[in-house]
Amino acid sequence: MKLFCRYSILILLFVFAAGFFSFSPPAIAGGRLIKATNPSVYYLASDGKRYVFPNEKTYRSWYADFLSVQTVSDADLATYPIGGNVTYRPGTRLVKITTDPKVYAVSRGGTLRWVTTEAIARTLFGSDWAYRVDDVPDAFFVNYRVGDAITASSQYVPTTEYQNTVTIDDDHSTAVVIVPTPTPTPTAPAGQAKTIRVYVAGGSIERRNRYTEAPFLATGRLNDPTNNDDDQYGWMVPMSDRLHLRDANLTMSFVGASGWANAEDEPYSGTYPSATVGRTSAISGTSIESWLDQRRGELQNKAFCYDVAFASRGGNDMDVDDTTYQTQLKELIQLLARGSSCRTNPIVYVTGHMPDSQASVSIERHRFMERALDAVTQLQAEQPSLRVRFIDLFSPFIANQPTTAFPSPRWTSGGQQDMSVIGRIGDGLHPRRFASIYAGELAADAMSLSELSGM
């Protein structure tokens with residue numbers, strides 16, 4: 001009877017959510033949430049199968065709300081065979097079953113790893129770790145498999161687990177989208193110092209860099225945690241600093257057609273890391289189309305020598321339809337991959353834009369992150385020789401994922417981005433100091449040290 005009641009409550013929740021969706025979309029691509037007249041919501045994977053959410057807690061580990069669910073006909077739904085059940089997103093929650101006292105962390109592919117001591121659980125998930133434990137009904141425990149026990153905190157990094165599994169498709173795959181988070185202290189291997197030359201095809205968050213103090217301490221922790229300055233923002237400087245902390249042999253040098261700017265595009269007056277104006281080709285307020293109109297010639301004529309390029313897009317492309325956006329993004333990536341005067345195949349990082357105040361979480365997740373990831377995935381399949389990598393700067397904010405500098409962040413409130421914490425005062429489109437540093441840390445932690453050192 002208890003099990004029946006539990007399922008009944010879940011069905012009512014899905015019925016409530018389903019009431020918001022009544023439109024009939026065109027053909028549905030993989031990587032979407034779908035439902036028909038039945039209240040159940042499914043994940044339609046790229047393998048053409050639909051996967052079932054066993055309960056709402058599992059669903060909430062992947063999605064903050066039901067706003068992106070699309071309705072299909074019962075006949076269309078029936079064409080997608082059931083592929084199995086969805087398991088918890090790695091790095092989000094701890095789980096256990098009622099008949100077993102062991103607490104497990106979740107890894108990729110529904111792998112459960114026993115957290116052997118309370119001290120390890122506290123280190124990994126904070127002092128309130130016990131409140132992050134969910135009971136998995138015995139009937140659903142068979143969806144998981146048991147992996148190696150965690151006997152030391154270094155054997156499991158929640159942020160890494162989370163970032164390596166962006167979608168449910170990723171959870172069913174052995175491919176890794178984002179590189180694991182490194183240890184917080186400098187771990188420079190023996191070798192020659194190397195300067196990574198960086199070209200940025202971005203907007204205002206990449207162009208405006210004004211820091212008056214270092215973002216990080218030598219340990220990787222946040223420097224001056226009382227100062228969430230409204231005018232110190234931009235994530236390129238924190239990214240450079242964080243990369244150097246990861247490997248003291250690696251430094252970044254920015255190249256481009258213009259100088260960095262202060263807030264509101266005023267002349268640069270930062271004093272850290274140098275009073276000398278850094279270089280960039282980022283342009284405030286540009287969509288991909290308008291950026292290319294102004295900078296395409298730089299890439300076609302190979303005006304700059306760079307090892308790494310960033311296609312940092314999203315906020316100014318908010319209202320561009322998906323097909324146009326992905327076509328333009330692919331063009332930009334290919335131009336960046338061919339545009340260096342000194343490298344035939346530089347690494348191109350595509351970043352999923354960090355949250356701002358333009359829309360709800362579900363809309364921004366799709367327009368800032370999901371469709372960019374889709375474009376990168378398609379291009380990787382079409383041109384595997386390109387070194388294009390995707391870095392998600394959106395999802396960690398929404399999930400309040402811990403990092404070295406921010407072990408207990410609170411970027412969201414009530415499932416929505418809290419712009420009083422993220423955004424500048426009176427300006428929800430640009431981040432304050434803390435959010436900028438967090439984004440830079442995420443970007444640097446997602447970059448492969450071995451790949452950069454081997455260039």
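Predicted model: local features only at pLDDT ≥ 70, side-chain atom pairs only at ≥ 80, totals over all residues.
**A helix pair, a core and a buried aspartate**

On the H9 side the meeting residues include Ile288, Trp291, Leu292 and Leu299, while H10 contributes, among others, Tyr325, Leu329, Leu332 and Leu336.

Aspartate 307 is buried, with a relative accessible area of 3%, and its side chain makes a polar contact of 2.5 Å with the side chain of arginine 343. Leaving aside neighbours within four places in sequence, aspartate 307 is also in contact with residues including Thr195, Ile196, Pro346 and Met455.

From here the reader can turn to the nonpolar interior. In soluble globular proteins, nonpolar side chains tend to be buried together. The largest nonpolar core here has 45 residues, of which Trp235, Met239, Phe310, Phe397 and Leu452 touch the most other members. Among the elements that give two or more residues to this core are strand S11 (194-201), helix H8 (236-246), S15 and helix H14 (433-445), and H14 gives the most, with eight residues. Apart from this core lies another, of 36 residues, among them Ile288, Leu336, Leu373 and Leu379.

Phenylalanine 310, leaving aside its neighbours within four places in sequence, is in contact with residues that include Val198, Trp235, Met239, Leu336 and Tyr349.

Note on methods:
Residues numbered from 1 in each chain as written. Heavy atoms only, no water. Buried < 20%, exposed > 50% of the residue type's maximum accessible area, 1.4 Å probe, protein only. Polar contact = N/O pair within 3.5 Å; in protein donor to acceptor, adjacent residues only side chain to side chain. Contact = heavy atoms within 4.5 Å. Core = buried A, V, L, I, M, F, W, Y, C linked by side-chain atoms within 4.5 Å. Helix = DSSP H or I, 4+ residues; strand = E, 2+ residues; numbered from the N terminus.
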